[in-house]
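Hello,

Here is the structure we discussed. My notes follow below it.

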Amino acid sequence: GLQVATIVFDLTISFRERANVSLKIAVAPEPAMLNDQLQWTMTTLNQGPRDAPSVQITGSFVGEGLGVSSDSGCTIQPESNGMTDFSCTVGSLPAGGSVAFGFTATASQAGEVVAYGTAENTALDPLDPNTDNNSLQKAVGVAEAFSNGAVQVLGRSNVQSVAAGDLDGDGSSDLVVGTTGQSLQVYLSDG
């Protein structure tokens with residue numbers, strides 16, 4: 001006959017708790033005028049369930065001549081090729097806790113200023129279950145001038161020509177913007 005084999009083994013299942021660290025970035029004013037002081041806030045949050053023992057935020061501000069500063073104890077590197085790198089040490093961040101860091105930058109050129117940031121627990125334990133929410137970028141448009149009237153030009157970076165009005169005779173307003181082939185933001189308002 002029939003033979004019956006029995007296999008015995010030990011199985012240990014362990015649950016590793018996690019610390020979900022994330023980042024939020026805010027800036028004001030938005031959009032900004034040339035030479036405005038941009039107030040940036042980078043906030044790291046720990047959505048738990050465990051404490052994160054060693055959190056830091058690193059990143060860059062992209063824009064020429066920004067003169068980035070921070071009164072929050074962050075380390076800011078000198079600008080190089082339009083990039084200003086920074087790092088902020090949070091340290092231990094309890095589950096449910098958050099820490100905000102403030103930065104100031106001067107919008108010295110029209111166009112766009114972009115902040116890139118990453119918040120992470122640099123300790124190997126606990127793991128972060130969702131690294132998709134650790135990095136973020138936020139851009140703000142910087143206008144050369146606002147004008148009154150039907151057409152308001154907020155900036156001319158990358159713009160070669162602008163035409164507005166009933167350009168095709170159909171009774172509706174039209175807007176045509178010619179660019180240098182680079183990306184462009186157009187803000188429309190009815191007021």
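Leu-11 is exposed, at 63% relative accessible area (exposed means over 50%, buried under 20%, partly exposed in between; 1.4 Å probe, protein chains only). Leu-11 sits in the segment before β1 (19–28); strands are DSSP runs of E, at least two residues, numbered from the N terminus. With Ile-7 and Phe-9, Leu-11 makes a nonpolar surface patch of about 420 Å². Patch residues have over 30% relative accessible area and no salt bridge, and nonpolar side chains (Val, Leu, Ile, Met, Phe, Trp, Tyr) are joined within 5 Å. Areas are Shrake-Rupley values with a 1.4 Å probe.

This is a predicted model: local features need pLDDT of at least 70, side-chain atom pairs need 80 or more, and totals for chains, interfaces and linings use all residues. Residues are numbered from 1 along each chain as its sequence is written, and side-chain values use heavy atoms, without hydrogens or water.

Next, Leu-66. Leu-66 is buried, at 1% relative accessible area. Its place is the loop between β4 (52–62) and β5 (75–76). Beyond four places in sequence, Leu-66 touches Phe-61, Glu-79, Ala-105, Thr-106, Ser-108 and Val-113 (contact: heavy atoms within 4.5 Å). The C-alpha atoms of Leu-66 and Leu-38 are 9.3 Å apart.

Last, Asp-128. Asp-128 lies in the loop between β8 (111–121) and β9 (135–143). Leaving out neighbours within four places in sequence, its contacts are Ala-19, Asn-20, Val-21 and Asn-134. A polar atom of the Asp-128 side chain is 3.3 Å from the backbone nitrogen of Val-21.

Best wishes

Note on methods:
Patches are made of residues with over 30% relative accessible area and no salt bridge: like charges are joined within 9 Å, nonpolar side chains (Val, Leu, Ile, Met, Phe, Trp, Tyr) within 5 Å. A salt bridge is a side-chain nitrogen of Lys or Arg within 4 Å of a carboxyl oxygen of Asp or Glu. Helices (H or I, at least four residues) and strands (E, at least two) are DSSP runs, numbered from the N terminus. A polar contact is a pair of N or O atoms within 3.5 Å; within protein, one must be able to donate a hydrogen and the other to accept it, and residues adjacent in sequence count only if both atoms are side-chain atoms.
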